[in-house]
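I opened this model to look up a few local features. My notes follow in the order I took them.

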Amino acid sequence: MRYIDLHAHMISRTTDDYHRMALTGCVAVTEPAFWSGRDRLGAQAFADYFDHITTFEPARAAQYGVAHYAWLCLNPKEGEDRELARQVLALIPEYLSRPTVLGIGEIGLNRVTRNELATFLDHVELALEHDQMIHIHTPHLEDKYKGTRVIVETLAKDARIDPARVMVDHAEEHTVEMILDHGFWTGFTLYPRTKASPARAVDMIEMYGPERLCVASACDWGPSDSLAVPEFVLEARRRGHDEALIDRIVLDNPARFLGQSPKFVVPHGLREKVAAD
């Protein structure tokens with residue numbers, strides 16, 4: 001089995017995680033910029049963070065044959081601070097040319113406030129200005145439906161945005177349909193508390209089919225599992241799904257989405273399929 005984990009916060013994981021992921025067939029990870037567990041003290045902390053996930057992490061992953069890519073942004077949890085957002089957004093362009101940066105993300109909303117929305121829109125403008133793909137974070141728990149609706153409807157109103165170049169992540173049963181209906185790529189996050197389990201992800205794929213659907217671990221410093229994608233594969237096999245469907249969800253689909261960036265190296269054996277699409 002080969003798979004791509006397109007949402008993994010490897011800065012917070014040990015090198016043993018790369019080893020285990022490689023042993024289970026992981027060929028690539030992408031790391032969206034995220035909250036560190038506490039608000040950062042200033043823009044310089046973001047500069048150090050961006051440098052880390054675009055230099056150290058690719059080198060660490062490469063020791064195990066895993067390709068590492070990054071997305072850059074100020075995370076939605078810190079989007080309320082508009083002055084900090086302006087400072088961080090001014091830093092990002094100098095990192096976009098680095099060979100493993102795929103786009104802007106994970107941007108979105110946390111508590112769905114006016115300031116968060118303004119910061120989200122600033123990130124979207126930055127992505128459009130620099131022709132970058134976008135990775136979206138949708139809120140957790142009670143703010144999930146409201147925040148997802150605001151994000152999806154805001155993006156859908158902007159004719160400049162190609163929905164095929166946007167991944168809307170952390171979808172759940174009550175939000176997946178609205179994301180798909182607007183043409184965006186949709187991510188199911190296999191996270192034990194606030195997102196979806198492998199079983200629930202398989203349920204949703206059985207309901208909606210495999211088109212524009214992906215799964216990822218979002219493993220980070222909290223309770224999470226760097227092998228969540230293999231756990232999804234095990235659950236799908238347990239239910240009798242064939243290998244072609246499973247490969248499509250864990251390898252083909254993420255390769256198609258990420259392959260829209262010229263920086264992403266499509267795994268060997270998928271190049272022809274991605275080119276045909």
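This is a predicted model: local features need pLDDT of at least 70, side-chain atom pairs count only at pLDDT 80 or more; totals for chains, interfaces and linings use all residues.

**Entry 1**
H170 sits in the loop between β6 (166–168) and α6 (176–181). Its phi is near 60°, which is positive although the residue is not glycine. Is H170 buried or exposed? I found H170 buried, at a relative accessible area of 2%.

I then turned to R212. Phi of R212 is also near 60°, again a positive value in a residue other than glycine. R212 belongs to the loop between α7 (198–208) and β8 (213–216).

Next I went to the peptide bonds. The bond from G105 to E106 is cis, and I read omega near -5°. E106 is part of strand β4, residues 101–108. I flagged these spots because most residues other than glycine have a negative phi, and most peptide bonds are trans.

**Entry 2. Cysteines.**
How many disulfides does a search of the whole structure find? The search came back with 0. I checked C73 to see why. The closest cysteine sulfur to that of C73 is in C219, 17 Å away, so the pair is too far apart for a bond. For the count, a disulfide needs two cysteine sulfur atoms within 2.5 Å. C219 is in no disulfide either; its nearest cysteine sulfur belongs to C26, at 9.1 Å.

I also looked at burial. C73 is buried, with a relative accessible area of 1%. C219 counts as buried too, at 0% relative accessibility.

**Entry 3. Helices α4 and α5.**
I took α4 (residues 114–129) against α5 (residues 144–156). Their axes come within 12 Å and cross at roughly 40°. Angles under 35 degrees count as roughly parallel, so α4 is oblique to α5. The crossing of α4 past α5 is right-handed. I listed who makes the contact. From α4 come L117, F120, L121 and V124. From α5 come V150, I151, T154 and L155. Sorted by class, this contact of α4 with α5 holds 7 nonpolar residues, 1 polar and no charged.

**Entry 4. Helices α8 and α9.**
I repeated the check on α8 (residues 228–238) and α9 (residues 243–258). The axes come within 10 Å, and the crossing angle is roughly 155°. Over 145 degrees counts as roughly antiparallel, so that is the label for α8 against α9. α8 passes α9 in a right-handed crossing. On the α8 side I noted V229, F232, V233, A236 and R237. They meet E243, I246, I249 and V250 in α9. By class, the contact of α8 with α9 has 7 nonpolar residues, no polar and 2 charged.

**Entry 5. L258.**
I stayed on α9, where L258 is found. L258 counts as buried, at 0% relative accessibility. Which residues is L258 in contact with, leaving aside its neighbours within four places in sequence? I wrote down I4, L6, T30, W71, L102, M133 and F264. I also took a distance to S12. L258 and S12 are 246 residues apart in sequence, and their C-alpha atoms are 23 Å apart in space.

Key:
Residues are numbered from 1 along each chain as its sequence is written. Side-chain values use heavy atoms; hydrogens and water are left out. Axes are lines fitted to C-alpha atoms, for helices over the stretch in contact, and angles run from 0 to 180 degrees between N-to-C directions. Helices (H or I, at least four residues) and strands (E, at least two) are DSSP runs, numbered from the N terminus. Angles under 35 degrees count as roughly parallel, over 145 as roughly antiparallel, 65 to 115 as roughly perpendicular and the rest as oblique. A crossing is left-handed if the near helix is turned anticlockwise from the far one by less than a right angle, and right-handed if clockwise. Contact means heavy atoms within 4.5 Å. Ala, Val, Leu, Ile, Met, Phe, Trp, Tyr, Cys and Pro count as nonpolar, Asp, Glu, Lys and Arg as charged, and the others, Gly among them, as polar. Buried means under 20% relative accessible area, exposed over 50%, partly exposed in between (1.4 Å probe, protein chains only).
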